[in-house]
Amino acid sequence: MIIHEAFFVIITPLKMAQHTTNSILMVRPVGFTANPQTAVNNFYQNPIGDVLPSTINAKAQQEFDAFVARLKAVGVHVIVVEDTPDPETPDAVFPNNWVSFHENGDVGIYPMFAPNRRLERREAILETLETDGFKIEHVIDYSSAEDDGVFLEGTGSVVLDRAHGKAYCALSPRADEELFIEFCEDFEFTPVVFSAYQTVEGQRKTLYHSNVMLSVAETFALICPSAIDDKKERKMVLKHLKDDGKAIITITEAQSNAFSGNALQVIGANNKRYLVMSTAAYKALTKDQVLHIEKHCEILYSPLETIETYGGGSARCMLAEVFLPKAD
């Protein structure tokens with residue numbers, strides 16, 4: 001009898017990508033004020049009275065510094081880069097719209113709707129990260145799409161579930177579907193496309209960014225389902241989240257308007273998770289919603305009233321997650 005050798009193939013499960021990071025890039029404002037170029041489709045901007053730009057910027061800097069201190073106090077590694085007075089970049093405090101950093105060393109650079117926001121893209125910021133010990137392998141630059149009037153504003157337009165390889169995108173004047181699909185192909189994400197709206201003076205208007213109505217954490221998601229008018233799309237988005245084991249915490253449109261959906265999970269000292277949001281966003285939540293979130297992680301919040309009022313963005317918009325590998 002001939003005995004044949006048996007060959008066994010051991011299949012090692014693929015390592016799941018890291019969803020949350022301890023390292024955050026933030027840009028300290030020097031000329032923060034209301035931006036008329038973004039106000040045309042960012043209905044969260046609500047400038048109050050006739051306030052001097054220097055006063056607005058000073059208050060924004062105070063809020064920024066206090067926010068950074070709160071993050072550092074719990075052990076988040078915050079890389080702060082100072083904005084430059086020239087050129088004028090009133091929204092530079094929101095770096096997540098023009099850049100994203102990925103675990104394989106890739107960097108995404110994105111096309112911006114407002115011409116003055118395109119000036120925020122600075123190679124010196126990437127050099128700062130390299131000085132901090134991070135390794136950049138490739139830069140994938142989509143900014144030339146601006147020449148064709150096509151935009152995709154980073155992780156404002158796109159909400160990533162890095163662990164499950166999915167990218168959620170609410171289409172808008174700042175989020176082009178074809179470019180989003182191209183991004184997903186380049187970065188190997190499964191696209192989840194839908195439309196989202198808010199009520200403005202009795203009319204349904206397109207939401208400018210996905211990340212004001214959706215935040216995906218490791219084990220749960222904050223979402224405003226009523227922003228998705230199409231019932232099939234709403235069901236589809238919720239199914240994706242549930243299929244990936246996310247506990248669904250729904251917020252109302254009023255809570256979304258208070259930036260309760262504009263939140264980001266980060267890692268602090270001792271590998272502890274925090275959901276980061278503004279004080280206004282936190283105060284808009286119900287006790288039950290807070291308890292539901294706290295089953296998964298602690299909530300960290302900081303006052304950002306000036307930045308929210310004049311900039312139309314909140315905590316998540318200020319945080320550019322750094323997943324880059326460390327240099328040898």
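A cavity here is a set of grid points where a 1.4 Å probe fits but cannot get out. With that settled, here are the close-ups; the model is a predicted one.

**View 1. The largest cavity has a volume of about 170 Å³.**
A search of the whole structure turns up 4 cavities of 30 Å³ or more. For the largest cavity, 16 residues make up the lining, and Val 159, Leu 160, Val 216, Leu 264 and Arg 316 lie nearest its centre. Strand 6 (158–161), strand 11 (214–216) and strand 14 (264–267) are the elements that each give two or more residues to that lining. Split by class, the lining of the largest cavity comes out as 7 nonpolar, 6 polar and 3 charged residues.

**View 2. The second largest cavity has a volume of about 60 Å³.**
This one is lined by 13 residues, with Asn 42, Phe 94, Arg 117, Tyr 208 and Gly 311 closest to its centre. The class count for the lining of the second largest cavity is 3 nonpolar, 7 polar and 3 charged.

Buried or exposed: which is Arg 117? Arg 117 has a relative accessible area of 3%, so it counts as buried. Glu 120 is buried too, at a relative accessible area of 4%. In the structure as a whole there are 16 salt bridges.

**View 3. Lys 166 and Asp 244 make a salt bridge between two buried residues.**
Here the closest N and O atoms are 3.0 Å apart. Lys 166 sits in strand 7 (residues 166–171), while Asp 244 belongs to the loop between helix 6 (231–243) and strand 13 (247–250), so the pair ties together parts that are 78 residues apart in sequence.

**View 4. Asp 229 and Arg 204 meet through their side chains in a salt bridge.**
The N to O distance is 2.6 Å. The pair links distant parts of the chain, 25 residues apart: Asp 229 is in the loop between strand 12 (220–223) and helix 6, and Arg 204 is in strand 10 (residues 203–206). How accessible are the two partners? Asp 229 is partly exposed at 34% relative accessibility, and Arg 204 is partly exposed as well, with a relative accessible area of 34%.

**View 5. Arg 28, Asp 65 and Glu 82 are joined in a network of salt bridges.**
Glu 82 falls within strand 2 (77–82). The loop between strand 2 and strand 3 holds Pro 87, and the peptide bond from Asp 86 to Pro 87 is cis, with omega near 5°. For context, most peptide bonds are trans.

Strand 3 and strand 4 (residues 106–109) run antiparallel to each other, paired over 3 bridges. Which residue of strand 4 is the bridge partner of Phe 101? That would be Val 107.

**View 6. The largest pocket has a volume of about 300 Å³.**
Its lining has 13 residues, and Ala 17, Glu 103, Asn 104, Phe 187 and Phe 189 lie nearest the centre. By class, the lining of the largest pocket divides into 4 nonpolar, 4 polar and 5 charged residues.

**View 7. Glu 188 and Glu 201 both have a positive phi.**
Most residues other than glycine have a negative phi. Glu 188, with a phi of about 60°, is in the loop between helix 5 (177–187) and strand 8 (190–195). Glu 188 is exposed, with a relative accessible area of 69%. Glu 201 has a phi of about 50° and lies in the loop between strand 9 (197–200) and strand 10. Exposure over 50% counts as exposed, so Glu 201, at 80% relative accessibility, qualifies.

Conventions. Residues numbered from 1 in each chain as written. Predicted model: local features only at pLDDT ≥ 70, side-chain atom pairs only at ≥ 80, totals over all residues. Heavy atoms only, no water. Pairing = 2+ DSSP bridges. Helix = DSSP H or I, 4+ residues; strand = E, 2+ residues; numbered from the N terminus. 1 Å grid on protein atoms, 1.4 Å probe; cavity = no way out; pocket = protein on both sides within 12 Å on 5 of 7 lines; lining within 4 Å. Points joined across faces, edges and corners; volume = space filled by probe spheres on them. Nonpolar A, V, L, I, M, F, W, Y, C, P; charged D, E, K, R; others polar. Salt bridge = Lys/Arg side-chain N within 4 Å of Asp/Glu carboxyl O. Buried < 20%, exposed > 50% of the residue type's maximum accessible area, 1.4 Å probe, protein only.
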